[in-house]
Amino acid sequence: MEEHRAPFSFRARARSFRFAWSGLQVLLRSQHNAWIHAAATLVVVVGGMVCRLRPMEWAILALAIGMVWAMEALNTAVELLADEVSMEQRPRIGKAKDVAAFGVLAAAIASVVIGLLIFLPRLFSLIS
């Protein structure tokens, strides 16, 4: 059976961006950790400007920041969907939420390591 698809439309693409921005608003309004990510993002961007990072360092930091935000968004989506399925305590739903939360933690730890590898040499050169 052939699937029917609507023709390409810039209006539809623009609408999809509005949905994405709406998702960011949901994330920031409902997740306290998103505020921590926002603060960390701001600190890293300002620190990068002060340190005059090279383009490759910016690229690596952008990937790390994007990875954390993407994982936080996916974690929130899993939590919202799981809560929609059932608000009662269900072990498999709890495990799914735990695994999604670990994804955010793993991304955050990797990002901290990346930040240290980029910023610590600069800080040590200022001290010495």
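Glutamate 57 counts as buried in this predicted model, because its relative accessible area is 10% and the cut-off for a buried residue is under 20%. The residue sits in helix H3, which covers residues 55-85. Once neighbours within four places in sequence are set aside, glutamate 57 is in contact with Ile118 and Arg122.

Side chains of opposite charge can pair when their charged atoms come close. Arginine 122 forms a salt bridge with glutamate 57, and the closest N and O atoms of this pair are 2.8 Å apart.

Glutamate 57 has another partner in arginine 54, with which it forms a salt bridge whose closest N and O atoms are 3.3 Å apart. Arginine 54 counts as exposed, because its relative accessibility is 52% and the cut-off for exposed is over 50%. The bridge from arginine 54 to glutamate 57 therefore pairs an exposed residue with a buried one. Taken together, Arg54, Glu57 and Arg122 are linked in a network of salt bridges.

How many salt bridges does a search of the whole structure find? The search finds three. Besides the two that involve glutamate 57, lysine 97 forms a salt bridge with aspartate 83, and here the closest N and O atoms are 2.5 Å apart. This pair also links distant parts of the chain: lysine 97 lies in helix H4 and aspartate 83 in helix H3, 14 residues apart. Lysine 97 is partly exposed, at a relative accessible area of 24%, and aspartate 83 is partly exposed too, at 29%.

Leucine 81 is exposed, because its relative accessible area of 59% is over the 50% cut-off. The C-alpha atom of leucine 81 is separated by 27 Å from that of serine 111, which is 30 residues away along the chain.

The remaining topic is the packing of helix H4 against helix H2. Two packed helices are described by the angle between their axes and the distance between the axes. For helix H2 (residues 32-51) and helix H4 (residues 91-127), the axes come within 12 Å and cross at roughly 20°. H2 and H4 are therefore roughly parallel to each other, because angles under 35 degrees count as such. Their crossing is left-handed. On the H2 side the contact is made by His37, Val44, Gly47, Gly48 and Cys51, and on the H4 side by Val104, Phe119 and Arg122. These residues divide into four nonpolar, three polar and one charged.

Notes:
Residues are numbered from 1 along each chain as its sequence is written. This is a predicted model: local features need pLDDT of at least 70, side-chain atom pairs count only at pLDDT 80 or more; totals for chains, interfaces and linings use all residues. Side-chain values use heavy atoms; hydrogens and water are left out. Axes are lines fitted to C-alpha atoms, for helices over the stretch in contact, and angles run from 0 to 180 degrees between N-to-C directions. Helices (H or I, at least four residues) and strands (E, at least two) are DSSP runs, numbered from the N terminus. Angles under 35 degrees count as roughly parallel, over 145 as roughly antiparallel, 65 to 115 as roughly perpendicular and the rest as oblique. A crossing is left-handed if the near helix is turned anticlockwise from the far one by less than a right angle, and right-handed if clockwise. Contact means heavy atoms within 4.5 Å. Ala, Val, Leu, Ile, Met, Phe, Trp, Tyr, Cys and Pro count as nonpolar, Asp, Glu, Lys and Arg as charged, and the others, Gly among them, as polar. Buried means under 20% relative accessible area, exposed over 50%, partly exposed in between (1.4 Å probe, protein chains only). A salt bridge is a side-chain nitrogen of Lys or Arg within 4 Å of a carboxyl oxygen of Asp or Glu.
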